[in-house]
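Hi,

Here is the structure I promised to pass on. Have a look first, and my notes on what turned up follow below.

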Amino acid sequence: MCYRFLTLPNEMGEVKYVISVLGKNVIDFYMQLDWHIEALYLLATIEYLCHKNHLDFIDQYDYSALETYVPEEAIYPEGIGLLSRIMGMDMKERVLEFAIPEYMKYNIIEYEMDQVV
């Protein structure tokens, strides 16, 4: 079975995206490939979209095993370096104020760009 997940939530709709990811067990597939960070990021995305859309789909799945793979150091978006240069200051602390909780619990820093600048 081939997993192609280049489709973004806004291309197919957030609810359909959640159903598709969970229905195809993409998170488990990433774990089998030892893509732990990718699996954590996708899990955080699904949790975020479920919370945002008042869905309880994620409650039907047990991904507690993934917690052992949470990185010790926070993972920031690659663009934070560029944003720091543009703004003329280290933006890591600033983005923490706007970090999305569903990602933060896995030590991944993700934020809505329009909230930071």
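This is a predicted model: local features need pLDDT of at least 70, side-chain atom pairs count only at pLDDT 80 or more; totals for chains, interfaces and linings use all residues.

One definition before anything else: a residue is called buried under 20% relative accessible area, exposed over 50%, and partly exposed in between (1.4 Å probe, protein chains only). D34, for instance, counts as exposed because its relative accessibility is 55%.

Residues are numbered from 1 along each chain as its sequence is written, and side-chain values use heavy atoms, with hydrogens and water left out.

pLDDT is the predictor's confidence in each residue, from 0 to 100. The protein chain has a mean of 85, and 89% of its residues reach 70 or more. Of its elements, α7 has the highest mean pLDDT (95) and α8 the lowest (48). Over residues 113-117 the value is below 50, and that stretch has nine contacts in the model beyond near neighbours in sequence. Residues 1-6 also stay under 50, with ten contacts beyond four places in sequence. Contact here means heavy atoms within 4.5 Å.

**Helix α4**

Helices are DSSP runs (H or I, at least four residues), numbered from the N terminus; strands would be E runs of at least two. Helix α4 covers residues 36-52, which makes 17 residues. From first C-alpha to last it reaches 24 Å, close to the 24 Å expected at 1.5 Å a residue. That expected span is 1.5 Å times one less than the number of residues.

How much of α4 is covered? Most of it: twelve of its 17 residues are buried. Among them are H36, A39, L40, Y48 and C50. The cover includes α1 (9-12), α2 (14-23), α3 (26-32) and α7 (101-104).

Setting aside neighbours within four places in sequence, T45 is in contact with Y17 and Y103.

**Salt bridges**

Side chains of opposite charge can pair when their charged atoms come close. The cut-off used for a salt bridge is a side-chain nitrogen of Lys or Arg within 4 Å of a carboxyl oxygen of Asp or Glu. Searching the whole structure gives three of them.

- E14 and K52 pair up through their side chains, at 2.8 Å from N to O. They link distant parts of the chain, with E14 in helix α2 and K52 in helix α4, 38 residues apart. E14 is partly exposed, at 23% relative accessible area, and K52 is also partly exposed, at 41%.
- K105 and E47 form another, with the closest N and O atoms 3.2 Å apart. K105 lies in the loop between α7 and α8 (113-116) and E47 in helix α4, so this pair ties together parts that are 58 residues apart in sequence. E47 counts as buried, at 15% relative accessibility.
- E97 and R94 meet at 3.4 Å, N to O. Why are they about one helical turn apart? Because they are three residues apart in helix α6 (residues 92-97). E97 is exposed, at 56%, and R94 is partly exposed, at 29%.

Where does the backbone take a positive phi? N25 has one of about 55° although it is not a glycine. It lies in the loop between α2 and α3 and is partly exposed, at 35% relative accessibility. D34 has a positive phi of about 65°, and it is not a glycine either. D34 is in the loop between α3 and α4. Just after α4, H54 takes a positive phi of about 55°.

M87 lies in helix α5 (residues 79-87) and is partly exposed, at 38%.

Cheers
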